[in-house]
Structures are given as C-alpha cells and as structure tokens.
Amino acid sequence: HSIVGLADLAADDLDATLERHVRHADFRGVRQILSRLDDVPALSFAPRHFLRDEAWRRGYASLAARGLSFDLQLYPEQMAEAAAFLAEHPGVPVIVDHAGSPHDRSTAGVALWREGIARLAALDHVAVKLSGFGMFDADWSAASVRPLVHALLEHFGPERVMWGSNYPVEKLARGYDETIEAVAAACAGLSAAERGAVFA
C-alpha cells in the first residue's frame, strides 16, 4: 500500500515536513484541499485560493524533485485555473479527487464540470478518482452518477480512472458495499481489462 499525506505547501517549514514524511517508505504524495467558492462559504474547505498563492505554487513545484504526487480536491469553477497551472508541472502526477466535486447538478453546473474535466484530462499526468459522490447527493445511485462516470471514462480513459471509497465520510450517505456496487454498475460495459484498470 501507499500513503498520501497532508502537507501545507505554502508553509515556511514545508521542506522539513516533507523530509519527515519521506522517511516512511510508503509515502508517495501530498493531499491538500483547494476547494473554495467565494460566494458559497459553507462549501469552501480551503482558507484562501492556494492556486494564486506564490508560496504555495513554489511548494507545489518542489514535489517533482522528491518524486511525489498531488491529490487535487477542487470545484469545477477552479478547473480552468488549475489546468493552466498543472500544465507547467508535468513532473508531478496528479489525481483529481471525488470526480471533480460536481456539486452543481443543474444544466449549467454540469456543463461547467464537463468543460473543466476536459481541460484536466488533456494533461497526460492527471488522473481522476470515482469517489465522493455522497458529498453533494446523499441519495446518489448508479443511475444518477452514470453520466458523470461515463464522461470521466470518455475523457481520461480507464487507465487514468480509479475507484476510491472516500471512507469513512461516504458512510454518511451509504454502506461500503453499496458504494462499490453502485460505481461498478455505473461502469457497466467496460471490458474485464478496463474494469481491472479502474478497480485494481
């Protein structure tokens, strides 16, 4: 197994923090939530726009030299800005968490998500997790997320899509087995090799 841990990429002591992290052979990458919507404070998990913070940007750039990945949790409204920044750092593998957090399921919201996903998927070093569906829809089902899953598979291809549990948070919406079964059902039509790429 591998460990992706927290590090504040804007912190003055980032180098010391990463030095402690990489002493563990299983440490592979950093996750720091970037999700922020200025007009929706209740959904803003980041205290500021890290993508616009010069110290954070320098800290992110330092991940490449250590061979570390970055787990990216953000909103569709941030994807164009993120894609432009990530394109400058192809040496840092990126995993988009929670299917890109499609919090707005209106026609306009889904269109914005699709546009952002296309921008991120155009970068070869970016992959995406099928996870976190219960964060914005407690009643989600295979049918409700199938269009999202299919769009992700279309843009990224099975080799850059991976299932993720988001446990224990997801248990607020449904059971662990139900989560796996619903996402597997949404992936119906994949070959055995493609299903292996996504789930194994």
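This briefing covers helix packing, the nonpolar core and some local backbone features of one structure. The model is predicted; local features need pLDDT of at least 70, side-chain atom pairs count only at pLDDT 80 or more, and totals for chains, interfaces and linings use all residues. Residues are numbered from 1 along each chain as its sequence is written, and side-chain values use heavy atoms, with hydrogens and water left out. Helices (H or I, at least four residues) and strands (E, at least two) are DSSP runs numbered from the N terminus.

**Packing of α4 and α5**

- Helix α4 covers residues 107-121 and helix α5 covers residues 142-156; they pack at an angle of about 25°, with their axes 9 Å apart. Axes are lines fitted to C-alpha atoms, for helices over the stretch in contact, and angles run from 0 to 180 degrees between N-to-C directions.
- α4 and α5 are therefore roughly parallel to each other (angles under 35 degrees count as roughly parallel, over 145 as roughly antiparallel, 65 to 115 as roughly perpendicular and the rest as oblique).
- The crossing of α4 and α5 is right-handed, a term for the near helix being turned clockwise from the far one by less than a right angle, with anticlockwise giving left-handed.
- On the α4 side the contact (heavy atoms within 4.5 Å) is made by W113, R114, I117, A118, L120 and A121, and on the α5 side by P147, L148, A151, L152, H155 and F156.
- The residues in the contact of α4 with α5 comprise 10 nonpolar, 1 polar and 1 charged. Ala, Val, Leu, Ile, Met, Phe, Trp, Tyr, Cys and Pro count as nonpolar, Asp, Glu, Lys and Arg as charged, and the others, Gly among them, as polar.

**Packing of α5 and α6**

- The angle between α5 and α6 is about 55°, and their axes are 8 Å apart; α5 and α6 are therefore oblique to each other.
- Their crossing is right-handed.
- α5 contributes A142, V145, R146, V149 and H150 to the contact, and α6 contributes A182, A185 and A186.
- By class, this contact of α5 with α6 has 6 nonpolar, 1 polar and 1 charged residues.

**Nonpolar core**

- The largest nonpolar core has 52 residues, and W56, Y60 and F70 have the most contacts inside it. Such a core is a set of buried Ala, Val, Leu, Ile, Met, Phe, Trp, Tyr and Cys residues joined through side-chain atoms within 4.5 Å.
- α5 gives the most to this core, with 8 residues.
- Not counting residues up to four places away in sequence, W56 touches L9, A10, Q32, L34, F50, L51, F70 and F85.

**Backbone features in loops**

- H98 lies in the loop between β4 (94-96) and α4. H98 is not a glycine but has a positive phi of about 55°, and its relative accessibility of 6% makes it buried (under 20% relative accessible area, with exposed over 50% and partly exposed in between, for a 1.4 Å probe and protein chains only).
- N166, in the loop between β6 and α6, also has a positive phi of about 55° without being a glycine. N166 is buried at a relative accessible area of 16%.
- P168 lies in the loop between β6 (161-163) and α6 (176-186). The peptide bond from Y167 to P168 is cis, with omega near 15°.

**T179 in α6**

- T179 is located in helix α6 and is buried, with a relative accessible area of 4%.
- Leaving aside neighbours within four places in sequence, T179 is in contact with W140, W163, S165, Y167, E170 and R174.
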